[in-house]
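I opened a new structure today and wanted to get my bearings. These are my notes, in the order I looked things up.

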Amino acid sequence: MDAATRAQFGSAYVHLDTACYGLLPAPATDASHLLLRELGAHRVMGAGPFEDLDACRRSFARIAGVPTGRVALGSAVSVSVGLVASALPAGAEVLCAEGEFISLTNPFAVRPDLKVRTVPLADLAASVRPGTDLVAVSSVQSGTGRLADLAAVRAAARSHDARTLVDTTQECGWRSVRAADFDVTVCSAHKWLLCPRGVSFLTVSEEAQEWILPRHACWMAGADPLGPPADAVQLSRDARRYDQSVPALPYVAGRHSLELIAELGVERVGRHNIALADRFRAGAVRLGFEPTPAPGSAIVLVPGAAHAVGHLRRAGITATDRGGLRCSFHLYNTEEHVDRALNVLEESSARAT
């Protein structure tokens, strides 16, 4: 990635943990500071944050490959998944992959009248059967970086009249997303989309809009949110009817992060990220480790190397223990960062023996 892009991130440490949270570019932090000062001085002018909300919706639609009218704004993935869970009839079967992130599975698990079935990720498409009502899966697994075969899942679901829900949180921002291929997608933007926590997106197909009830229909979901209060009961005709009453500050900052990703292009970002991840995988193998197979992923899990997490942090490098050392690479990382992490991994492994 070019130096001008990296210069927007002033971190004093090496951040290899985007799968947990992404760094904010300077324009995003500047925008949030400006809004706070304006709020403190009681002088938010014009349409204020609503312009930023609309800009975020447009940028995400561009990144996700859907019309703007198919995007709803939220603050958390679990709330959007809860909408889907509440729309399923009693006795419905929900098929998920083993080891899924709990924000995707818990909204179904807390309904005792639903049948939640889990299978290995590799068996997901083959496990769709007559009577399966919904397949819910992350396009990229948070813990391991493994990529779901979404084309196979989509085909299997269609052949059995099952609906599809895809969590694109660990994909959107570095890998091309085809949200229009699925009934519903959800995405938390505080990871690869570099937004503050509190920015989340929901895409709903026209068909799905017929069976998902906007149970938290707030004033922002109205056909004219800024119109007379009496008109609030008239919901938007498109996916905006699922808008949550979102906090303004994360979206004011997030607008700049989303515009950066959209302008760079996820294909370009993805090539950069995957090249760094492949470099790290190869280095880990040279050191005697066996990374979890996840070809084409920007997330690398190295079982047996969790001992290195603390050593990395003391060396100014952030990573995570997810049943092993998990490193994830994004546009602000460089080959030098990869090599520094590998050097620390080698040194910490030598101390552990």
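**Entry 1: what I am looking at.** I noted before anything else that this is a predicted model.

**Entry 2: α3 and α8.** Two packed helices are described by the angle between their axes and the distance between the axes. I looked up both for α3 and α8: the angle is about 35°, and the axes are 8 Å apart. The crossing of α3 past α8 is left-handed. On the α3 side I found, among others, Leu-53, Cys-56 and Ile-63 in the contact, and on the α8 side Tyr-251, Leu-258 and Ile-261 are among the residues they meet. Sorted by class, this contact has eleven nonpolar, two polar and six charged residues.

**Entry 3: α9 and α11.** Next I took helix α9, residues 266-286, and helix α11, residues 335-352. Their axes come within 10 Å and cross at roughly 25°. Angles under 35 degrees count as roughly parallel, and α9 and α11 are therefore roughly parallel to each other. The crossing here is right-handed. Leu-276, Arg-279, Phe-280, Gly-283 and Ala-284 are what α9 brings to the contact, while α11 brings Glu-335, Val-338, Asp-339, Ala-341 and Leu-342.

**Entry 4: the cores.** In soluble globular proteins, nonpolar side chains tend to be buried together. Which residues touch the most other members of the largest nonpolar core? They are Phe-60, Ile-63, Leu-193, Phe-201, Tyr-251 and Leu-331, out of 41 residues. Elements giving two or more residues to this core are α3, β2, α8 and α9. Apart from this core I found another, of 25 residues, with Val-81, Ala-85, Ala-92 and Ala-136 among them. I then followed Leu-331: leaving out residues up to four places away in sequence, Leu-331 touches Met-1, Phe-9, Leu-194, Ile-261 and Val-269, among others.

**Entry 5: two positive phi values.** Most residues other than glycine have a negative phi, and most peptide bonds are trans. Leu-194 has a positive phi, near 65°, and sits in the loop between β7 and β8. Asp-161 also has a positive phi, near 55°, and belongs to the loop between α6 and β6. Is each one buried or exposed? Leu-194 counts as buried because its relative accessibility is 0%, whereas Asp-161 counts as exposed, at 71%.

Definitions and conventions
Residues are numbered from 1 along each chain as its sequence is written. This is a predicted model: local features need pLDDT of at least 70, side-chain atom pairs count only at pLDDT 80 or more; totals for chains, interfaces and linings use all residues. Side-chain values use heavy atoms; hydrogens and water are left out. Axes are lines fitted to C-alpha atoms, for helices over the stretch in contact, and angles run from 0 to 180 degrees between N-to-C directions. Helices (H or I, at least four residues) and strands (E, at least two) are DSSP runs, numbered from the N terminus. Angles under 35 degrees count as roughly parallel, over 145 as roughly antiparallel, 65 to 115 as roughly perpendicular and the rest as oblique. A crossing is left-handed if the near helix is turned anticlockwise from the far one by less than a right angle, and right-handed if clockwise. Contact means heavy atoms within 4.5 Å. A nonpolar core is a set of buried Ala, Val, Leu, Ile, Met, Phe, Trp, Tyr and Cys residues joined through side-chain atoms within 4.5 Å. Buried means under 20% relative accessible area, exposed over 50%, partly exposed in between (1.4 Å probe, protein chains only). Ala, Val, Leu, Ile, Met, Phe, Trp, Tyr, Cys and Pro count as nonpolar, Asp, Glu, Lys and Arg as charged, and the others, Gly among them, as polar.
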